[in-house]
Amino acid sequence: MTLLAIDNLHMAIAGHPVLRGVSLELAAGEVLGVIGESGSGKSMTAFAVMQLLPDAARCSGRITLAGRDMLALDEPALCAMRGRYVGMVFQEPMTALNPLQTIGDQVAETIRIHDDRGQDDALRRAADALTRAELPPERFPMTRYPHELSGGQRQRVVIAMAIALRPRLLIADEPTTALDVTTQAQILSLLARLAREDGMGLMLISHDLAVVAGLADRIAIMQAGQVVEQGPVSLLTRGLTHPYSRALLAASTHQPARDGGDDGDVILRVRDVVRDYPGRRTLRGRAPAFRAVDGVSFDIRRGESLGLVGESGCGKSTLTRAILGLEPVQRGSITFRGQAVHPAMGNDLRAGMQVVFQDPYGSFNPRWRVDRLVAEPFHLAPVAPDVARHRVAEALEAVGLRASDMQKYIHEFSGGQRQRIAIARALVTRPDLILLDEAVSALDVSVRAQVLDLLADLSDRLGLTYLFISHDLTVVRAITDRVMVMQAGRIVETGPTAQVLTAPQHPYTRALIAAAPTLPTGDAA
Amino acid sequence: MLRYILKRSLSLLVSLLIASVVIFAAVEVVPGDPASYMLGMNAQPDTLAALRDELGLNGSLIQRYLGWVGGMLQGDFGVSYTYRTPVAGMVADRLAVSLPLAIYALALSTAIAFPAGIWAAARRGRLGDTMVMGATQLGVAVPNFWFAMLMVLVFAIGLRWFPAGGFAGWDKGLWAGLHSLTLPAIALALPQAAILTRVMRSALIDALSEDYIRTARAKGLTRGQALRRHALRNALIPVLTIIGMQFSFLLAGAIIIENVFYLPGLGRLIFQAISARDLIVVESVVMILVFGVIVVNFAVDLAYAAVDPRLRARE
């Protein structure tokens, strides 16, 4: 039985077309995976079903949900549908909940809006919903506030709110993108279980083919406001036909061609490094210190690409800051090119290592032109202005941009181009070591594939050394020679990447690999 | 929560201590003789000596400071040099006008600003919003004494609903007192209400664009319900900050309005004391005002914690 039918949906926001003839169907009890890159219109399709759109949005076509024509309903009728017939789970659990209300009240609100039999009854049913979302009130009292929960737990609260009234349709918009890989696996299996138990239709929106592949019965691939291909999930293995879908699949599993690491001399040596954060001051002295990095030792050789994987809070970023000499270490030593690394180290040493961060936009001053942005590291190793100019042009060309892009501002570039500029900025002082801190995590898969190619090419041509920090095992597999797995401040496993990822020794590594969603193998692309 | 209150109380005491030292230093330690400053150029040496004695200028610095603070703690603020009456009594009389006036004005300003700000935010960009914003523009731009004079013309001289000035006193009953404070309170409240409306509106608009509003709408709440149940409380923090600042201002900054309406308030007392070079009064009244402002800030801090559970947890 068809639960949701979207028929030739067109939508424009302030005259700018966003959706162009989207047609999708979803049966009760079915999981539909909607895949696409940013700007493809996948989230807008979801919000069109909810009819939660910006004021300037205009829809035409037909959306039928549980027999009702959503585009013909007035606002009160839509409010009665939302939450009762269709629930929604969002990407960002950290901000999706009201910070000033207890989780029990927030789940109970869904119930009271639609079926008010008093607060006691609503709280009892909220407790049921939270238990079904695997956040039982015995262990997580409903009087807690969102800030007292982790990201995964908050996402369970959002899910409990969405399923409290057992809606017919659940829309999950990138529900696990902001979560760690093990949490992601738990949330995905929770969504699958709830859909199965309630016979609920599940529309799972994701940029990640592997996430969808593990859960969906059918898939739809969207590009530029259109569905370019849809069908059973087996399409992923038995052959996608549309060129865009094939390119997307290829990019998801892209392995750049690399020469592999040389046996160069050791360029960075980390020995028994301990980084403590002092405990909070209390009336009775200090609370015990928090040990973020706990006795970490490793070497990186010149020309090598070393991966560092681990979940959020494992100490990756703290270790990165210590290696960059931004924070002192409490014990152990870090030496780079034979010299000690510490917060007061010389600029020439700093110029020898550069960093590229995750957010390509947040790390640029929007009021500076690209030439000034890229030339910024020269304050560490000053050169003559014409040399600087020449080197900036060289760096921009090295990352596949044009020297003439120097005169532009950062908002004139796409996300992938911005990350190229960030890499150019890291290259401009001709460093030996580049730290890539989740450098491709915010990029769409096709752009990510290009940036990975670029990184591989640069390391081959310029003999660069990388420390590649990521939570994403696919990316680490693609770009590193060796990998270290970090858990709770310690390195629990190290080895050649292929070996660690195929035959993990440590239980934590095994859990990480088991949790990571994978694409089914077949004659892909 | 208890820790938070304790910590805030501690910072309140420290602020008071610092403020008392600064005020004491400003009046008594800076170069020049306060006694000869108060009496002017042609003072007689024996009058000067008597005043120096009365001001306690003959003791050591520490002694004088401790004497001053100790006196205040016991309710002894010294004796006014010009009026020859205890400062404590004078201040109490003036506070009986200024404090109710400030509270009255703040209540009015909040009563106008909350609905106006909410109404404008809910209609962002539409005609109602534009009209409210235009009105607040006017309210911010026009000085309050102009409003005051206008209201005297219309409501006191024209319609004769309210007195044109003066204060009836509380001994004639609550109504008589409030009646004579109404026009001044409105004059004080209008510009404050305009500012507060704008703060309320922009804080609400920020809150309405948050993800949790989208979550609330996905549950089935109407726009209005999402605004009232979720956005409003989240918008309160900046609004509380401004309310605290406005109260401090209203307590001491009403001097022009007090003059327009011939009200015996604190602002006029300070003005007169400064003109008469009565340092004893100035010193004490400033200390009392600082105390009032610090206490109001303390209350605002407590209100933050009542609104936001994250603040309660962090401290």
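**Cavities, a pocket and a helix pair**

Mentor: The lining of the largest cavity consists of four nonpolar, four polar and one charged residues. Nonpolar here covers Ala, Val, Leu, Ile, Met, Phe, Trp, Tyr, Cys and Pro; charged covers Asp, Glu, Lys and Arg; the others, Gly among them, are polar. The model is predicted: local features need pLDDT of at least 70 and side-chain atom pairs pLDDT 80 or more, whereas totals for chains, interfaces and linings use all residues. Residues are numbered from 1 along each chain as written, chains are lettered from A and ligands numbered from 1 in written order, and side-chain values use heavy atoms, without hydrogens or water.

Trainee: How many cavities of 30 Å³ or more does the count give?

Mentor: Rolling a probe the size of a water molecule over the atoms shows where empty space is left. On a 1 Å grid over the protein atoms alone, a cavity is a set of points where a 1.4 Å probe fits but cannot get out; a pocket is an open set with protein on both sides within 12 Å along at least five of seven lines, and lining residues have an atom within 4 Å of a point. The count comes to four cavities of 30 Å³ or more. The largest cavity holds about 60 Å³, the volume being the space filled by probe spheres set on points joined across faces, edges and corners.

Trainee: Which residues line the largest cavity?

Mentor: Both chains take part: Gly83(A), Gly87(A), Met88(A), Thr110(A), Met161(A) and Ala162(A) are joined by Thr215(B), Ala218(B) and Lys219(B). H9(B) gives the most, with three residues; helices (H or I, at least four residues) and strands (E, at least two) are DSSP runs numbered from the N terminus.

Trainee: What is the volume of the second largest pocket?

Mentor: The second largest pocket has about 1,200 Å³. Among its 34 lining residues, the closest to the centre are Leu53(A), Pro54(A), Asp55(A), Arg217(B) and Arg223(B). The lining has 19 nonpolar, three polar and twelve charged residues, and H10(B) contributes the most, with five.

Trainee: At what angle do H7(B) and H8(B) pack?

Mentor: Two packed helices are described by the angle between their axes and the distance between the axes. H7 (residues 144–158) and H8 (residues 174–208) of chain B pack at about 140°, with axes 9 Å apart. H7(B) is therefore oblique to H8(B), as angles under 35 degrees count as roughly parallel, over 145 as roughly antiparallel, 65 to 115 as roughly perpendicular and the rest as oblique. Residues in contact (heavy atoms within 4.5 Å) include Phe147(B) and Met151(B) in H7(B), and Leu183(B) and Ile186(B) in H8(B). By class, this contact has eleven nonpolar, one polar and no charged residues.

Key. Axes fitted to C-alpha atoms, helices over the stretch in contact; angles between N-to-C directions.
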